[in-house]
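Thanks for coming, everyone. Please take a look at the structure on the screen before I walk you through the sheet and the helices.

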Amino acid sequence: MRMIAVDDEQVSLGLLCAEIRKVVPQDELVTFSLPHEALEYAKSNSFDVAFFDIEMPGMNGIELAKKIKQLQPRTNFIFVTAYTKYALDAVQLHSSGYLLKPVTSAAIKQELDNLRFPKTYAGDHIFVRTFGEFELSVNGSAVHFRRSKSKEMLAYLVDCGGNGVTRKELAAALFPDEEYSLYTQDYMNKVISELERSLKEAGAEKILVRRRNFYAVDQTQFSCDLYDYIKGSPSAVNLFNGEYMLPFKWGAAAIKKYI
């Protein structure tokens, strides 16, 4: 899902986003501290869920929701406020939810599980996180890799952005201090086999492309914060804090080509 959050208080906005991320870490979330900026964004960008504070200067959350509803009638509005007095206004607007501050991830999950206009993914939703510690998740659950080098191989292929590499190139990246010997080749066979096994068990095997001495990822089969960052997505830009592909040492050098 694509979501936005609006609150003129930066601390409250940060806390809200942190709780949302606990529930749907793979989904896109764009934030605004000024209501009119959110309205301008809505004129050219669609989204499924909008979390609005109510008492904001210039335009309150109820007014903002009415304007955006004219642009996007099937948006799920969830109001997040410290007051109960606006509940009737929210009901009359046919909002999806009403949360009192301080919000919790449990309360947010309950609202997202019971949206007025439910949003579902077509099949398994596969997400790759590269900012901070590398992780592959399917429907919000992290995938377990039996070999750390299998996980690193996938990370390297994601960094290649869909471009194919050979087995020798993979070995050079994963074992930079080793010669490409028969021992290394044999170990690479185990790494590749275990990667395929882990992906198949998670239902994510479609993201790996393997042909004769050719390995790549199919970018159309998963979402990725790195790829969103390259496209200039505001939420992905906000996620990047200088850490990339941890704990893989080559990640620190690899990110330089993107920033």
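A quick definition before we start: a strand here, labelled E, is a DSSP run of at least two residues, and the strands are numbered from the N terminus. One caution as well: this is a predicted model.

Let's begin with one residue. Thr-81 sits in strand E4, which covers residues 76–81. Is Thr-81 buried or exposed? Buried means under 20% relative accessible area. Thr-81 has 1% relative accessibility, so it counts as buried. And what is Thr-81 in contact with, leaving aside its neighbours within four places in sequence? The list is Asp-53, Ile-54, Tyr-86, Tyr-98, Leu-99, Leu-100 and Lys-101.

Now step back to the sheet. Strands of a sheet pair through backbone hydrogen bonds, either parallel or antiparallel. Which of the two do we have here? The pairing is parallel. Five strands make up an open sheet, and their order is E2-E1-E3-E4-E5. At the edges are strand E2, residues 28–32, and strand E5, residues 97–100. Each of these two pairs on one side only. On average, neighbouring strands of the sheet are turned by 20 degrees against each other, direction ignored.

Look at E1 next. Strand E1 spans residues 2–6. It is mostly covered, with four of its five residues buried. E1 pairs with E2 in the parallel sense, over five bridges. There, Val-6 stands opposite Phe-32 in E2. E1 also pairs with strand E3, residues 49–52, again in the parallel sense, over four bridges. On that side, Met-3 has Val-49 in E3 as its bridge partner.

What packs on this sheet? Helix H1, residues 10–23, does, and it touches E1, E2, E3 and E4. The direction of H1 makes about 175 degrees with that of E2.

H1 also meets another helix. That is helix H5, residues 105–112, and the two axes come within 8 Å and cross at roughly 60 degrees. That angle makes H1 oblique to H5. The crossing is right-handed. From H1, the contact uses Leu-16, Glu-19, Ile-20, Lys-22 and Val-23. From H5, it uses Ser-105, Ile-108, Lys-109 and Leu-112. By type, the residues of this contact are five nonpolar, one polar and three charged.

On to another set of helices. Helix H6, residues 148–159, packs against helix H7, residues 167–174, at an angle of about 110 degrees. Their axes are 10 Å apart. Angles of 65 to 115 degrees count as roughly perpendicular, and H6 and H7 are therefore roughly perpendicular to each other. Their crossing is right-handed. Who meets whom? Lys-149, Glu-152, Met-153, Tyr-156 and Leu-157 in H6 meet Leu-170, Ala-173 and Leu-174 in H7. That contact has six nonpolar residues, no polar ones and two charged.

H7 has a further partner, helix H8, residues 182–202. The axes of H7 and H8 come within 11 Å and cross at roughly 90 degrees. So H7 and H8 are roughly perpendicular to each other. H7 brings Arg-167, Leu-170, Ala-171 and Leu-174 to the contact. H8 brings Thr-184, Gln-185, Met-188, Asn-189, Val-191 and Ile-192.

How values were computed: Residues numbered from 1 in each chain as written. Predicted model: local features only at pLDDT ≥ 70, side-chain atom pairs only at ≥ 80, totals over all residues. Heavy atoms only, no water. Buried < 20%, exposed > 50% of the residue type's maximum accessible area, 1.4 Å probe, protein only. Contact = heavy atoms within 4.5 Å. Pairing = 2+ DSSP bridges. Axes fitted to C-alpha atoms, helices over the stretch in contact; angles between N-to-C directions. Parallel < 35°, antiparallel > 145°, perpendicular 65-115°, else oblique. Left-handed = near helix turned anticlockwise from the far one by under 90°. Nonpolar A, V, L, I, M, F, W, Y, C, P; charged D, E, K, R; others polar.
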